[in-house]
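This briefing is meant for a reader who is meeting the structure for the first time. Please keep the sequence and the 3D view at hand while reading.

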Amino acid sequence: MKKLLLSLTICCAAYTAQAQDLIQNIPANSSAVVTIKGSNVTDLFSIKEFENSKIGQEMVKELARESDGDLTSLNDLGIDFNASAYYFLQAEKGVFSNYFAIPLRSKNGFDNLIKKNNSSTEKIKTDGDITYMQDNYDGITVAWNDRMLVVVISEDTNEDDDYNYYSYDDVTEIEEAVEVAVDVAGDAVEAVEVEEVEEAEEVIEIVEVEIEDVEEAVIESTEDATYSNDDYYKKREERYKRERQEREAKRIAKTQKAKVRNLQKAKAFINGDHSSNNILRNKSYVASLGKQNFEAHAWAGDFMNLYQELVETQGFSNAFGMYNVEELYRNSSVSSTLDFTNTSAVLNIDYTMSNAMAKHAKAMYNGKMNKDFFKYFNQDKMLGYMSVNASTEGLLTEYPKLMKSMFANSTNNEMATVIPLGTDLLSVFLDEEAVGELVRGDMLFVVNDIAKKQVTYTTYDYDENYNRIPIEKTKEETVPDFIFMATSNGESIFNKLMNIAVKENEMTVDNGIYKFNTPRSVPVNVYAMHAKGVLFFATSKDQLLAIRNGSFKGSVSGDHKKNISKNTSAAYVNGKNIISQIPVNELPREFKRKINFLTSNTEDLLITTGKLKGNKSSTKVILNTPEEGHKNGLAYFINFIDAFID
């Protein structure tokens with residue numbers, strides 16, 4: 001029943017949202033808050049539409065079974081699907097409390113469901129207008145009234161959870177038994193050594209007899225030491241029983257404490273004890289809400305608070321004292337929103353970092369993308385790309401500073417001395433500006449195609465005399481056609497390195513284009529070239545020749561140019577082109593329907609991380625959805641799940 005109730009709570013939470021009355025009950029010192037805006041969700045996909053989906057039908061069927069047919073619709077649960085639902089986390093003095101809060105129109109639905117699934121109504125208790133039940137094993141508490149339902153799950157990290165049955169006394173018993181056996185064996189061997197024999201046959205016979213005596217003595221001694229002594233055996237069993245009882249009593253005491261704690265927290269939430277100082281008074285949380293054009297929102301507050309609660313209460317403060325964590329992560333937070341539009345699903349992630357961390361990050365990712373890259377690939381033939389717009393000089397300058405600040409106040413004297421010294425020496429030996437000229441830091445990797453290629457490989461068989469015979473075979477492999485580009489002014493250094501590789505037979509060179517000598521089992525050839533201020537690695541020699549000769553015609557849209565140039569990183573996947581290359585006719589019949597759905601309903605995926613604005617780094621994930629067959633992005637995901645449910 002507990003699993004069913006929790007599953008229903010979490011699943012139903014996916015259809016509810018930010019209601020003002022419930023958010024006012026969330027305490028301001030919460031460490032994390034997740035919100036689902038129900039009215040926005042139901043506008044996109046109604047409860048009736050969800051119930052008609054395969055996953056919805058399964059939920060309604062299970063609901064009817066659990067309620068003996070009294071509840072035949074999700075609406076019968078009494079949940080206000082147009083209001084709010086939340087998850088939030090509180091961390092206080094090593095106690096981590098997880099809350100799931102759901103708004104209700106009426107509590108009758110839950111009353112009926114729970115009573116149907118509890119043989120004894122004594123498990124369900126009432127205190128004023130609050131009804132609640134608690135699990136006897138871990139103290140999970142479910143409480144509700146006519147307006148809301150809350151589930152509280154907590155863990156006290158300050159308490160000992162060691163309930164296993166390992167006992168050091170068991171080790172002592174075994175050691176004692178082994179010592180007795182060894183002593184007996186030693187006595188027997190000494191008896192053999194002092195035996196006076198005159199004939200070799202007699203020596204062998206006596207030794208054989210004594211070995212048997214030793215074996216019997218070891219067995220008898222071990223049995224006597226561990227099992228034969230009735231008093232000893234009884235005392236051991238009594239001790240085991242007492243230890244089991246103590247462990248069980250300890251577990252029960254912890255569960256009882258958790259039940260009291262969870263019930264207090266549940267009542268405090270329902271009664272609105274935190275309304276005068278709720279989460280809306282937390283500046284970091286309010287700032288993360290933005291314009292609220294979303295269906296879901298998640299926020300995690302000050303990382304240092306979580307660090308101190310999670311790490312230091314566990315006794316790891318000394319181990320982590322070598323790091324200057326507080327300076328680097330003070331006031332850091334992360335928030336995200338999920339928004340479904342008519343043609344996409346958009347996930348926004350904002351990371352607000354400390355002043356110290358932001359200073360390092362800005363220098364590391366203050367790069368400038370080479371616009372010539374756009375001349376060297378064609379988006380019409382492209383399956384995807386990944387770009388990084390960093391500064392090698394900034395990385396080499398700031399990373400040692402970051403390491404130095406990390407260990408500046410270290411409690412480990414050796415680390416506090418060695419790390420700063422090492423970073424200073426690194427800065428002395430490295431010419432950051434010169435290395436930055438060799439590889440500037442802007443890089444672009446483009447996958448042009450995925451093709452099948454015949455690969456020759458060697459296997460072995462054996463003749464009639466069991467001699468191994470090599471046999472050459474061929475197989476078909478799917479290999480990518482790609483090109484990698486990086487801005488570089490170090491052509492002379494590149495050529496020197498390549499020529500060394502040629503002398504070592506690791507590479508060959510033809511007309512200024514170097515080829516890696518890969519094993520025959522590797523189904524792809526990789527070529528390298530330095531031209532036009534760019535370092536190239538590619539699988540197509542013809543493409544590199546065309547680039548060097550100036551005959552390659554690139555074609556890239558303004559949107560892709562902007563995504564690559566204006567962000568610190570970007571990744572793009574042309575889902576439709578990739579899926580179209582799946583050999584559907586070669587797949588088993590049971591997979592064809594699922595693959596057909598993918599080939600007809602897969603669009604592009606774009607992930608970008610923008611340059612720092614102040615102390616904030618923003619990442620956006622956009623999954624485009626088909627315009628036909630799905631009325632919006634949320635409906636697409638429900639239809640996607642339905643397509644893969646057998």
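The model shown here is a predicted one. The chain has 646 residues, of which 41% count as buried, and its secondary structure comprises 23 helices and 20 strands.

**The chain as a whole**

- Among the contacts that join residues at least 6 apart in sequence, 71% link residues that are at least 24 apart.

**The nonpolar cores**

- The largest nonpolar core has 34 residues, and the members that touch the most other members are Leu74, Leu77, Ile79, Trp144 and Leu149.
- Several elements each supply at least two residues of this core, including the helices α3 (38-44), α5 (54-66) and α23 (633-643), together with the strands β3 (95-103), β6 (141-144) and β7 (148-156).
- Another core, which lies apart from the largest one, has 25 residues, among them Ile513, Tyr527, Ile547 and Val556.

**Strand β7 and its partners**

- Strand β7 is mostly covered, with 7 of its 9 residues buried.
- On one hand, β7 pairs with β3 in the antiparallel sense over 9 bridges, and within this pairing Tyr99 stands opposite Val152 of β7.
- On the other hand, β7 also runs antiparallel to β6, to which it is joined by 4 bridges, and here Thr141 stands opposite Val152.
- Strands β6 and β7 form a hairpin, with 3 residues between them.

**The hairpin of β14 and β15**

- Strand β14 (residues 507-510) and strand β15 (residues 513-516) pair in the antiparallel sense, and 4 bridges are found between them.
- These two strands form a hairpin with 2 residues between them, and in the turn Asn511 has a positive phi of about 55°.
- Asp510 has Ile513, in β15, as its bridge partner, and Ile513 is also one of the residues of the 25-residue core.

**Helix α20 and what covers it**

- In helix α20 (residues 558-565), the residues His560, Asn563, Ile564 and Ser565 are buried.
- The cover over the buried residues of α20 includes the strands β11 (384-389), β12 (442-462), β18 and β19 (605-610).

- On the surface, Val573 forms a nonpolar patch with Ile450 and Ile578, and the three residues together have about 180 Å² of accessible area.

**Pro400 in helix α15**

- Pro400 has its place in helix α15, which covers residues 392-406.
- The relative accessibility of Pro400 is 6%, so this residue counts as buried, the cut-off being under 20%.
- Pro400 and His360 are 40 residues apart along the chain, and their C-alpha atoms are separated by 10.0 Å.

Methods
Residues numbered from 1 in each chain as written. Predicted model: local features only at pLDDT ≥ 70, side-chain atom pairs only at ≥ 80, totals over all residues. Heavy atoms only, no water. Buried < 20%, exposed > 50% of the residue type's maximum accessible area, 1.4 Å probe, protein only. Pairing = 2+ DSSP bridges. Patch = residues over 30% accessible without salt bridge, like charges linked within 9 Å, V, L, I, M, F, W, Y side chains within 5 Å. Areas by Shrake-Rupley, 256 points an atom, 1.4 Å probe, with all protein chains shown as cover. Salt bridge = Lys/Arg side-chain N within 4 Å of Asp/Glu carboxyl O. Contact = heavy atoms within 4.5 Å. Core = buried A, V, L, I, M, F, W, Y, C linked by side-chain atoms within 4.5 Å.
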